[in-house]
Amino acid sequence: MKTAASLLYRLFVALMIAAAVGSGQYALWERWSRTGDLAEASSGIQGFAYSAFQRNQSPLEGTYPSDAEVAADLDLMATATRSVRTYGSTDHPSLVALAGERKLSVTAGAWLGADHAPNQRELDALVDTVRNHRHVSRVIIGNETLLRGDLEVEELITYLNRTRSALKRTRTPISTAEPWHVWLKHPELARHVDFITVHLLPYHEGIPVEVAVEYALMRYDELARTFPKKKIVIGEIGWPSRGPAKEGFNAGSGFAVPSVENAARFIREFLAHPRARTLDYYLMEAFDQPWKIEVEGWAGAYWGLYNADREPKFPLDGFIVKDPRWSEKALTAAALAFIPMFLIGFFLSDWRLFGRLWLASLVQACAVTLVIGTNVPADYYLTGRDLAGLAGLILATLLTIAVLLSHGFEFGEVLFKHRWTRRFLPLPPHSEEREPFVSIHLACCNEPPEMVIATIDSLAAMNYRNFEVLVLDNNTRDEALWKPLEARCAELGPRFRFFHLENWPGFKAGALNFGLKQTDPRAEVVGVVDADYVVSPDWLSCLIPHFDAPDVAVVQAPQAHRDWETQPFRRMCNWEFDGFFRIGMHHRNERNALIQHGTMTLVRRMALEEVGGWSEWCICEDTELGLRLIEKGYDTRYVDHVLGRGLTPSDFAAIKSQRFRWAFGAMQILKHHLPQMLGPSRLNLAQRYHFLTGWFSWLGDALQLVFVFASLAWTLGMVYLPKAFGLPVSALALPVLAFMAFKAALGPILYRRTMDAPWRDILGASVLSVGLAHAISRGIFAGIVKRHGEFVRTPKGWKAQGRLAFFAPIREEILLLVALLTAIGVLLITHGSTDLEARLWIGILALQTIPYLAAIACQFAAYRPERQPAAARPEVHPAQAPTYAGLEPGHQNG
């Protein structure tokens, strides 16, 4: 009964968590979609500027609307106005006649370009139309012809005069349409027109919408004062509902921001203005024209009061909704996230309530981002090129979401879980007669003999009786490096055996497999330690008792370091390594999904031989072995207790080489074991999760490199083909980068909560982690495309740095940094002063410089001199180890 009640309570709590987060998300959508009070139109619309092209039609491609489509448009416009303005005479020959059938007055246009022949056809068609249709009230010869530079003023005047002569009998007034500043620049043009047709589009001048109507009327009045005897017709006045934000020519004057809300505000304020009834105007424009993206850029498609599907964007009175589809999107996002949120609430019952709400909210935020991205084709008019770019961004978003959620789960488990259920501590040692025999394998290659001898001597000093040590030197050609090791083993007696292997295959795994064949038959456990590790006397005595459990195959102690306190780069390395062993290893150990490491590890010999020893095809043979053992159903244990300390990588080049190898090996393992992770195997769901997502962070680094190259390519397009590359990519890319920034912030927070590390060292570890991103990304891609890699030893300790070698390890990072900074500089010159979208993109490019700046900082740190050593660090024994602060109770570290 109690169990059933507990289950019902968990179900209820999980349901409430999912419902609360989903409802909260819906409420936020609703609040965002509301607008403040806007003016209501007090007069009807005098006229529409009208282009008849439908959503998938374009004069650039020779696709034109049918008479039925034009008639439907005219019927719709006739419900709101009695007048329309057209732009061309040959695109829709029947348009004027169809308008007459609906009692619509027409201001007919003739399109003029740079070529005389099509211009003449336009004029001939216009003259014929006017002569045959009395409801053509006036004509406009050319639209922004001077603004585009298609014709000189004298050429345009010739066309005007020629048309006036042709229409002399009809006495039809004639004009041409240009923005206000073109009329002021060419006042002589006014002498050849019967009325002035002016375009008043404050958006193009970067005028904020709050003052845009008054600004437009101010320009109207300026023309009226300049040409007091000319009637003025406003040929276009309006505001786009989408497009890049523009800054005014006067710095600090604000931005003109396209949006549905701002378009509604401008139109309604204009129609409500007391002067609107006295003006002759055409609203720009009746219907959105997607084809204009190719010639006018992103905003050109979105000037309509109706969208391209002939649906009104906003009413002229009452409330304005920013996104008419907000409810559909909010419900979709809630439905998409509901099951994951419910599962979080149910299965993570050992988390604090706030933690479950936090992770559920993160899932909901990811679902919202995905819904917004997938709805872009419905919200925007996209070309095939845009759709390809969008597909890439959605893929990047999915990968980023996967990385973020895996990090969020780890973050939440460390911070919000009440206690670890699999917490393993050092155990009391066995008596001598119960000690199983242990064979310790120490593989080395081209290592400094004094460093390896220190490791050998620490093994000789262990508080354990039944063990042997096999020193496996493979492929070291210099006798000065391996002969001292041979001599030291001889001095220590028969249980220290030395083997020198010439031209031995298989890298470290090959040497360890050789050692396995030489292992004493009595050995029940095989220990592996790196050549630079000085082990604690209690390493074996306090860990071997874990093998009393027959299913235990691996007992892993953390990696730790010595001699790092006096040099900045070594401090960075120490704390960066320490983070994984204080955080990530606990997270994976909780579900028996350990990452086995090639040092401070103990393996049951029978299990090791059962799975075939060490894999020589993989350059991360330790991690691969651990996965094979878990696939066999064995238990692996992590004891977070420092029982040995090694040396940090010697410099930034060394740790880059190490991370490249680890990332390459991770991809080898992922490719090789993917059938077991996805198909039938003894791996449980949690283990599959960890081994599939455990490398997401590195995949995120690879994604970041792809993003850099894509960003640089897009920037080139923005500079050289600005109209073609006008997709609102910043708005789409910002969530991806926001997620990346959020993920980056999780690390320092976890460090601070779980380790007694000063903020200075947390910052140093974070800089190193970010600075290694490029090396990791290269390793990921190399591991994906290559099958075999080369094991490269990691130089340890401290070595003198040559000044000429400073740039060699970071030359690729420097080149990418220079490329990004160049792109930023070019955009600042070409776009930065007036285009908010470009500034947002500049910010995105600047964020992408961080890994490369971090790499340079790491290289500088590696060149910093050694400080005077502090007092000797006391040896930490199990009984003295401080309590681990991350979870309670009783976690320990060194």
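Ground rules. I worked on a predicted model, where local features need pLDDT of at least 70, side-chain atom pairs count only at pLDDT 80 or more, and totals for chains, interfaces and linings use all residues. Residues are numbered from 1 along each chain as its sequence is written, and side-chain values use heavy atoms, with hydrogens and water left out.

Entry on β7. In β7, 6 of the 7 residues are buried (under 20% relative accessible area, 1.4 Å probe, protein chains only). I found β7 parallel to β6 (residues 195-200), joined by 6 bridges; pairing takes at least two DSSP bridges. F195 stands opposite K231. On the other pairing I checked, 2 bridges join β7 to β10 (residues 281-283), also parallel, with I237 opposite L283.

Entry on the open sheet. I traced 7 strands in the order β13-β12-β11-β14-β17-β16-β18, with mixed pairing. β13 (496-501) and β18 (635-638) are the edges; each has a single partner strand, so one side of each lacks a neighbour in the sheet. The twist averages 20 degrees from one strand to the next (axes are lines fitted to C-alpha atoms, for helices over the stretch in contact; angles run from 0 to 180 degrees between N-to-C directions). I noted β14 (523-528) and β17 (601-604) as antiparallel over 4 bridges, with V526 opposite V603.

Entry on helices. Helix α17 (507-518) packs on this sheet, touching β11, β12, β13 and β14 (heavy atoms within 4.5 Å). The direction of α17 makes about 140 degrees with that of β12. I saw helix α19 (568-589) lying across β16 and β18, at about 155 degrees to β18.

Conventions
Buried means under 20% relative accessible area, exposed over 50%, partly exposed in between (1.4 Å probe, protein chains only).
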